[in-house]
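Please open the model in your viewer and keep the sequence panel at hand. The stops below are given in the order in which they may be selected.

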Amino acid sequence: MSARTPDEIRTVIFDVLGAIAPETDPSTLVPGKPLREQLDIDSFDFLNVIIRLHEKLGVDIPEADYGELLTLDGAVAYLARRCAAD
Amino acid sequence: MREFRMPSLGADMDAGTLVQWMVKPGDTVKRGQVVAVVETQKGAIEVEIWEDGMLDRLVVEPGAKVPVGEVLALLRADGEPAGAAAPAAPPVAPPPPPAIAPAARAAPAVPAAPAARARISPAARKLADELGVDIESVRPAEPGGVVSREDVERAAAARKGAEAPAGKPAAADWHAQMRKAIAAAMSRSKREIPHYYLATDIDVTPVMDWLAAENLRRAVAERLLPVVPLMKAVALTLREVPELNGVWENGAFRPSRPVHLGMAIALRGGGLVAPAIHDADSKGLDQLMADLRDLIMRVRGGRLRSSEMSDPTVTLTNLGEQGVEGVFGVIYPPQVAIVGLGKVVERPWVAGGAVGVRKVMTATLAADHRVSDGHRGGLYLAALGRLLQEPEKLR
């Protein structure tokens, strides 16, 4: 998978979150606050987010790294790094 | 002739609205087959039939709200001749007036002779399914013609215009109904069931470490959620204290051999349901994960099955994800116990005279004192704690 810009990654994340929590408007998310709190998603939804990000971006996200995806900012930074490295 | 009746889909249900028949007269039905969709206070439920046979006649039409126990359809057992117990004329007496919402009830639908059925294109049938249109009610544009996608679209548009106020309740209304259903069940529980409550802290380091290693070697889509091995442990341990698994009915406890584990699942926007994962004690972790995934998807999509709603033998509630350390549940009648799991936290833990940091979870039990005592409940939690030290036994 080739490198992607933070904006591209943010768009992918918004797509994925929109499918999981359709009633929320991703543009209202506070980038530094935990996503799960803002979207009221549980571990099942969160696993689905990880699965879809993996499908769309082609990066493997080990469970030990889940902590890096807790906020929007964290997720964008982590995924940008992983896309560039792969 | 056998009678297929409106099932009770939980202690809080007194009536349901028949939304759709999935079968028609003359169809062969098999035990466990979904034959109808019923709208309840907790959403649309797919209702299964529990006898083999041939569907003789539909007694209730879609749109009718009928009380629990009312005859919905008549069924001929295998080999039973047509009309064996049901004279062709006069038709069976209409059922007694329903206690609920008579205005919403359609006249008993007993077509004397089914009209020649229209031919339906597979694409139209599929579209009707997607749009929730009763395909049998769609008429082709030309008499005698084939029902097409266009006919279905027209029927869907007409229904939208004509039935909008009478269709599925608006979100706010549905939410109020759900609250009412929960209030009824929980009030009954607190009124009738003498609860006792126990809690214990369990070192879950072995099972959580085992799970982390297991998930590390799995593809992302095959990973297990932390609750899955806990579900298995909760279900397996019930074999050791069977008086926590079953139902209280007619003044007596009826134990259940299989563990149908009711999973308390919160709904987005409020409310909750606790449908069953059947035979949770004898399923492997991958099967439990698949079942949980399927159940959650159908809870959110509003497509639960009647057996899942009506036959949990015990409930598991897991509020750990919200950061809650302990939850003392309210038993869902007619069940007699609810197990609560809290958040897994790292804590100082003394073992063998030394202090170490371990992953610890508070497990609780609320149980019915008419059936069991604190001593037996305590044995259950102790056995659960022991089993969680041996994750390889949970596979």
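The model is predicted: local features need pLDDT of at least 70, side-chain atom pairs count only at pLDDT 80 or more, and totals for chains, interfaces and linings use all residues. Residues are numbered from 1 along each chain as its sequence is written, while chains are lettered from A and ligands numbered from 1 in the order in which they are written.

Select chain B, which has eight helices and 22 strands (DSSP runs numbered from the N terminus, helices being H or I of at least four residues and strands E of at least two).

Next, colour domain 1 (2-171) and domain 2 (190-394) of chain B, with bounds from an automatic or database domain assignment. Here 13 residues of domain 1 are in contact with 12 residues of domain 2 (contact: C-beta atoms, placed from the backbone, within 7 Å). On the domain 1 side, strand 5 (residues 43-48) of chain B gives the most, with six residues.

Now select helix 5 (residues 227-237) of chain B, where B:L230 is found. B:L230 is buried because 26 other C-beta atoms lie within 10 Å; the term requires 20 or more such atoms, C-beta atoms being placed from the backbone. From the C-alpha atom of B:L230 to that of B:D78, 152 residues apart along the chain, the separation is 43 Å.

Finally, show both chains: 12 residues of chain A are in contact with 10 residues of chain B.

Notes:
Two residues are in contact if their C-beta atoms, placed from the backbone, lie within 7 Å. A residue is buried if 20 or more other C-beta atoms lie within 10 Å of its own, exposed if 12 or fewer, and partly exposed in between; C-beta atoms are placed from the backbone.
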